[in-house]
Each structure stands twice: as structure tokens, then as C-alpha cells.
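Dear colleague,

Please find below the structure that I would like to hand over to you. My findings follow it, arranged by topic.

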There are 2 protein chains.
Amino acid sequence: MQNFVFHNPTKILFGKGKVSSIGEETAVYGKNVLLVYGSGSIKKNGLYDQVIQSLSSTGAIISEHPGVQSNPILSHVQAGIQLAREKQCEVVCAVGGGSVIDEAKAICAGTTVQHDVWKFFTGKKSVKNPLPLTTVLTLAASGSEMNSGMVITNTETSQKFGFANKHLFPKTSILDPTVTCSVPADYTAYGAVDAIAHVLEFYFTSLDPYTPVQDRLMEGLVMNGMESCDRVLNKLDDYHARADLMWTATLALNGLTCAGLGKVGFPMHMIEHSLSAFYDVPHGAGLSAVIPGWLRFHADLGPARFAQFAERVFDIREGSVETKAEQGIKGLTAWFEKVGSPTSLTALGIPQADFPRIAENGMALAKVWRMKDYNEQKIEKILQECI
Amino acid sequence: MQNFVFHNPTKILFGKGKVSSIGEETAVYGKNVLLVYGSGSIKKNGLYDQVIQSLSSTGAIISEHPGVQSNPILSHVQAGIQLAREKQCEVVCAVGGGSVIDEAKAICAGTTVQHDVWKFFTGKKSVKNPLPLTTVLTLAASGSEMNSGMVITNTETSQKFGFANKHLFPKTSILDPTVTCSVPADYTAYGAVDAIAHVLEFYFTSLDPYTPVQDRLMEGLVMNGMESCDRVLNKLDDYHARADLMWTATLALNGLTCAGLGKVGFPMHMIEHSLSAFYDVPHGAGLSAVIPGWLRFHADLGPARFAQFAERVFDIREGSVETKAEQGIKGLTAWFEKVGSPTSLTALGIPQADFPRIAENGMALAKVWRMKDYNEQKIEKILQECI
């Protein structure tokens, strides 16, 4: 086990009826609130009204910054920062999925500094004193509600970059599973894929051979990510299944699974980010198209670890280490297929002719993320595995 | 899944060489430090010197409160409170295992109020503004380093009582596994038993039938608690095994496993507390003497849950639900025996003639902990199962 610091101060309010606490939780940090949300689906399902009512009941002065896209873009972040400054907002409240929370974090970081917010993403500046953030989560997927990271796309440079900073944990996040009951099957599955992918990144990129307790936690989260998603897809408004998937996704990327693993990477996300920078594919769909190929490409390097994964997650007990490794990848791929998430670039409609520019784009992010074992040639080879 | 609040703000610094950070972490909260520790083993292994050096380097004024017993006692807590007041301590630094950290929490709570600290334990008063606490952990066992609970024995009334309060999470806890390498085999095993017992309490007392992700986490922690302990006992100074056991014990009682389970109880601890209130047996040894009997007594009530435990933790795949449940309890008992922790009251040398007074004592705690499904008769029946 490697040395680590674990410090996750986010307060989680989980369960039915918790949305009404958002006003009280936000008022702790100030009266002038920037309310960040997406395309307006929260107005259709009544969540917007609930949030406004709760915020207003504490006397909050609300400035609204709607229109966050999935794969949120830099120019919209910059507009939010401008608004937060004009209105002298003291706190940001995000109501949405990972995209909305990610954009809200970037606004929190950018509002209190003179330089452009993108400098945080390119590693040229470090966050010190952001606005505080509260959130109401609407999608089980990214884990952004209980971590300090975010991803934003710069459309001018076609760069989908991310960073994390310890000052950007949300102060409070409200997770009411009923809010997610209206998410359709496809986006529910993409969300589960995203959560599982977060675990896989850590599980397969840690170079520390001695992480038994983390392994058990990660294997449990992958198993339960699949099982809870299956139950949701069987009945979209199954409260308990939604709750189970929601908390699983949060735990999948709240710092717990990677504590002690040493340096880990996000190579599957790195490649997926390049896909969605060009094609605007749903994040989870892009991930499931990349994961099987990435795993096949790497299985040779550490078959024992892949075999352990196969044994524990897919109960594969027969065969050589190599056979088990292969069966584990097949098991995961079959599950992606079962829940309707694409398992190849071909299925996503991405032409091989584009691989060089995807690899080039990926390398830009690999450099920012300091993934020194990647180069364009290697990324192209992985992309070939994903056909 | 039941509604829950999860908010664990403790900062963990984990790994080799981290002890030298205790000064910096403590200085954040003040210059006047009350240093709490036990019988002086930290002076033999050099830890005391390291801590004093680190605290002194920040200019701290240190008042020492040594002599905390395992099963810490109220009168010693009260002495610590008096000292903290006299010296106008602004922060408490605990260096030790669960007993030392527990006593330090009680001192933190009691120093800032006028009434006697025992009123917190009997539920007559609630903690609001305690002194801040930092810790250096020396034993993988109680989880006190990352939770808000504590247990203290009132020797005048023979009551071993505990409570938790959200203001009593340590601010920072330092977990350096090398510090635990000198713990002898027996106390290492008792510590592992304690950690596993914390998980079992939640696993078997939750009445919510729908806690899949928590089940996976708890099963993983039990499996890894046993596996890591086995590796440590095989080689007492195996750093990685010590690290694995240490982090497992912390995760076993940091609020994560019980979040969403609804009301859970500590019936095995309740009974064990009565044992160690009378006999001063090591906490873990008392627990392993009680757990198999408690499980046998309750297996009839929820065989499906017991069977799931047997299947997943002990890989028992054959037989009826009842048979599996029985095999799971046997597997756990066999593991206790393997690591040298007693598995019956007889093995602890506790006479049956004492069962009525143990049951009576247990009921006093059951009332404070609001365990309404217990009475003296039931406790005596469970004790009979533990022979």
C-alpha cells in the first residue's frame, strides 16, 4: 500500500424528501446564490420548483445560470463566472448530473480569481479560495457530487480536460433517488457504465501489487454497479434499486477506492474524452466502446490481476490465468451489451480514418494528466483493439 | 435503503513517515496541547520522542496526560479534563490505540462544559463545542481514529458505556503502519476481531432487507480483515500486511458501512462490555467469546442473510439456507480459533453463576443504547449459547 491522504469533507444527505434541505444547507454560505442547471428537464419534473422554494424559504437571492450541456463547455463556464461576479454571488448551488456539477465547480474556482479559468485545466494555476458549492444530484454516474474533480470541454481547442483540487469538494450534496426515477434506460445504463469505469481505471492502472482491501471494495462496487443497474432497467422507478445504483456511483469516485493505490491514471477516460470532444457521444457510451479494447490491449501485462477480477467479479474458476483474464473481459463486455451500451468504436460509428486525430487529441490530455507511458502510436493501437 | 446523513470530515494521513506531521496538523488548532497516551509503551518504541519533537517544532506548549488504561476509566478522564482546564489547552493530541483515543474524545467533550462528563454517556447532555482532537494511532482495531464514538468505564457503577457525537470526529488522524509492527500476535488478533465485530454488528442487526452495496462493502471488509490478520500473524513486521489490516479496521467503523442501513445495534458489544466491566478481559477476546453464540442464537431469525454471509465470505455453495448459515458461523468460529481468540465464555473462564449479573449489567447499557428488543432473560439465553 502506498502512502496517502484521505480527506473527503462533503456532507451527503441521502434519501426521499431530502431536496427540501437544500435551502438550509446553502444558506450557511451566503444569501446570494448562483443556481446552475441544465437544459430544463428539472422544470418538467418539478425539481426546479422544489429547489427554488427551499432556497427562497431562507431568504436567498437567486441568480440563475441555466443551459449547461452534457459535456459542458468552457464558454458557458465563463458566462457563469461573469454572472456570479456581477451578482456578487457568495455560493453556487448546482442542480443536475455530473456535467452541471462539474461546470458549477469550475465557476466556483474561476469566480474568485483574475485569470481565465482554463488555466486551472492546463495546470498553469492552482485553486486556492473558490466559492462554496452545494448540489442536488439528478443522475447516478460521475461521482462529482462527492469529489473534487471536474471535466470541461474547450470547443475552440477541441480539448476535453479535467482536474481536481481539494478545495472543490461540494460542501453538501443531496442525493434523493426519486429524482433519478425519470432517467430513461439508456442514460441510466451510461451512468452505471461511467461509475464502473471509474473503478476499473483505478483497479487496472495501479502499479502497487499490494492493495487487498481496496481490491475488495472495488470488486464489490463493480459487482453492485452491474447488479443495481440490472434491477433499475427491469423497473425504472424501483426506488431501492435507484438508491443502490446512486450510492454505488458516488462511492465509485469519492477517493475511497484509490486511497493507497499510489499513482493511478484515467487512460480509458483520456481516450473517451477525445471521442466526445469530436463527436459529442454520451460519456458512458464512449467509455463502454473503449473499455473492452483497452482491457484486451493490457491483459497481457498483468494477467494475474485480470484473473483475480474475473474470479471475484464474474465467478470464473476454471482455466489458466490467461483464460480467466479473457473470460473476465468477455463477461464485462457481455454486460455492456446487455444494458445497451456500445462495445466498439464501430458501433459508435467512428471511422478508422479518424484514429490519428483522436490519438493526437488524446495525447494533449495525456500530457496534462502526466500519463508518461502513452504516445500517439500506443493510443492508435488501443483504438484498433476497439474496432 | 434507509435515508441517511454521511459526513466524515476526519483527515487521514496514512503511511510510513507520517508521524512527523502531527505537529503541523495539531498547531492549526492552538499552541496549548494536551498530550494523552497510555502506559508508556510509546516511550519504549520511540514514538513518544517523535511526537514530542514534531509538536515542539511548531512551538507547542505540551501538557501530558499519560496512564490511559485499556478499557479507559471515568476517573482518569475526569483528571484529564481538570488538567486541560488548568493548562488552558486548546487542542488534544491522542497517541495510542482505541482506548487512548476514546478517552481523549471524552476529555475534548468534557473540558468545555460545566457539568460532569458522564452525563454525555447516560444521554442526559449533548456535546456541542468540544476541544479539537488530533491522533496518532498505534493499534488496528477500534476505528476510533475516524469516527465520533467512544466507550468509557465508570468503575463506581460498573458501567461500560459509549456514545457518539458529530462534533467528536478527530480533525486529523495519522496512521503509520510501522507503529503497529511491534504489537504482539495476541493483541493483533484481538484488534482484528474487534474490527470484524463492528462490521458483523451492522450486517446482522440491520432490519432493512435492501442494502446490496453496503453488504458488498461489509463482506469485503470481513474477508480482508481475516486475510490481512492472517498475513500479519505469519510475519509480525510485514509492513504491507500491517497497512492492509490498519486501513481495514478504520474503514470497518467510519460510518461508511452503516450508511443506509437504518437503525443498527451493538448487541455483541453490549454483552462484551458487561464482561469487561467485571473481568477486564481484552475487548477483542471478549467479543470472539460472544459472537459465535450470538450468531447461533439469531441464525433462525434471518437464515437467508446468514446464508448470504456464508456464501460470499466463506464460499459455501452447497446445502440448504439453514445449512449454509450454520457453516458460515462455523467458518467464522474456526477463524477466531486459528488466530487464538477465545470462542466461548468457558474459554474466558467466566462462570455460569455470573450470568445473571452480566445480564443485569448488559441491560443497563441496552437501555442507554435504546435496544428495545433486549431483556435480561434474552441476554442470559444468549450467554448460555456462548458456553
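Within what distance do the axes of helix α11 (residues 283-299) of chain A and helix α16 (residues 376-385) of chain A come, and at roughly what angle do they cross? Before I answer, please note that this is a predicted model. The two axes come within 7 Å, and the crossing angle is roughly 115°. The crossing in which α11(A) passes α16(A) is right-handed. From α11(A), the contact is made by A:Gly293, A:Trp294, A:Arg296 and A:Phe297, and from α16(A) by A:Lys381, A:Ile382 and A:Glu385. By class, the residues of this contact are three nonpolar, one polar and three charged.

The domains of chain A

Chain A is divided into domain 1, residues 11-178, and domain 2, residues 185-385. The C-alpha centres of these two domains of chain A lie 26 Å apart. In the contact between them, 21 residues of domain 1 of chain A meet 26 residues of domain 2 of chain A. On the domain 1 side, the elements of chain A that give two or more residues are β7 (149-154) and β8 (159-164). The largest share of that side, three residues, comes from β8(A). By class, the side of domain 1 of chain A that touches domain 2 of chain A has nine nonpolar, ten polar and two charged residues.

The relation between the chains

Chain A and chain B each bring 32 residues to their contact. On the chain A side, the elements that give two or more residues are β1 (4-6), β2 (11-14), α8 (212-234) and α9 (239-251) of chain A. The largest share of that side, nine residues, comes from α8(A). By class, the side of chain A that touches chain B has 16 nonpolar, ten polar and six charged residues.

The sheets

Strands of a sheet pair through backbone hydrogen bonds, in either the parallel or the antiparallel sense. In this model, one open sheet is formed by seven strands in the order β4(A)-β3(A)-β5(A)-β6(A)-β9(A)-β2(A)-β1(B), with mixed pairing. At its edges stand β4 (61-65) of chain A and β1 (4-6) of chain B; each has a single partner strand, so one side of each is left without a neighbour in the sheet. From one strand to the next, the twist averages 15°.

Where does this sheet join the two chains? β2(A) and β1(B) pair in the antiparallel sense over three bridges, and A:Leu13 stands opposite B:Val5 in β1(B). Within chain A, strand β5 (residues 91-96) and strand β6 (residues 133-137) pair in the parallel sense over five bridges. There A:Val92 stands opposite A:Leu133 in β6(A).

Helices also pack on this sheet. Helix α3 (residues 47-56) of chain A touches β3 (32-37), β4, β5 and β6 of chain A, and its direction makes about 160° with that of β5(A). Helix α4 (residues 74-86) of chain A touches β3, β4 and β5 of chain A, with its direction at about 160° to that of β3(A).

A further open sheet has seven strands in the order β1(A)-β2(B)-β9(B)-β6(B)-β5(B)-β3(B)-β4(B), and its pairing is mixed. Here β1 of chain A and β4 (61-65) of chain B stand at the edges, each with a single partner strand, so one side of each is left without a neighbour in the sheet. The twist in this sheet averages 15° from one strand to the next. Strand β2 (residues 11-14) of chain B pairs with strand β9 (residues 172-175) of chain B in the parallel sense over four bridges. In this pair, B:Phe14 stands opposite B:Leu175 in β9(B). Helix α5 (residues 98-111) of chain B packs on the sheet, touching β3, β5 and β6 (133-137) of chain B, and its direction makes about 165° with that of β5(B).

Yours sincerely

Definitions and conventions. Residues are numbered from 1 along each chain as its sequence is written. Chains are lettered from A and ligands numbered from 1 in the order in which they are written. This is a predicted model: local features need pLDDT of at least 70, side-chain atom pairs count only at pLDDT 80 or more; totals for chains, interfaces and linings use all residues. Domain bounds come from an automatic or database domain assignment. Two residues are in contact if their C-beta atoms, placed from the backbone, lie within 7 Å. Ala, Val, Leu, Ile, Met, Phe, Trp, Tyr, Cys and Pro count as nonpolar, Asp, Glu, Lys and Arg as charged, and the others, Gly among them, as polar. Two strands pair if DSSP finds at least two bridges between them. Axes are lines fitted to C-alpha atoms, for helices over the stretch in contact, and angles run from 0 to 180 degrees between N-to-C directions. A crossing is left-handed if the near helix is turned anticlockwise from the far one by less than a right angle, and right-handed if clockwise.
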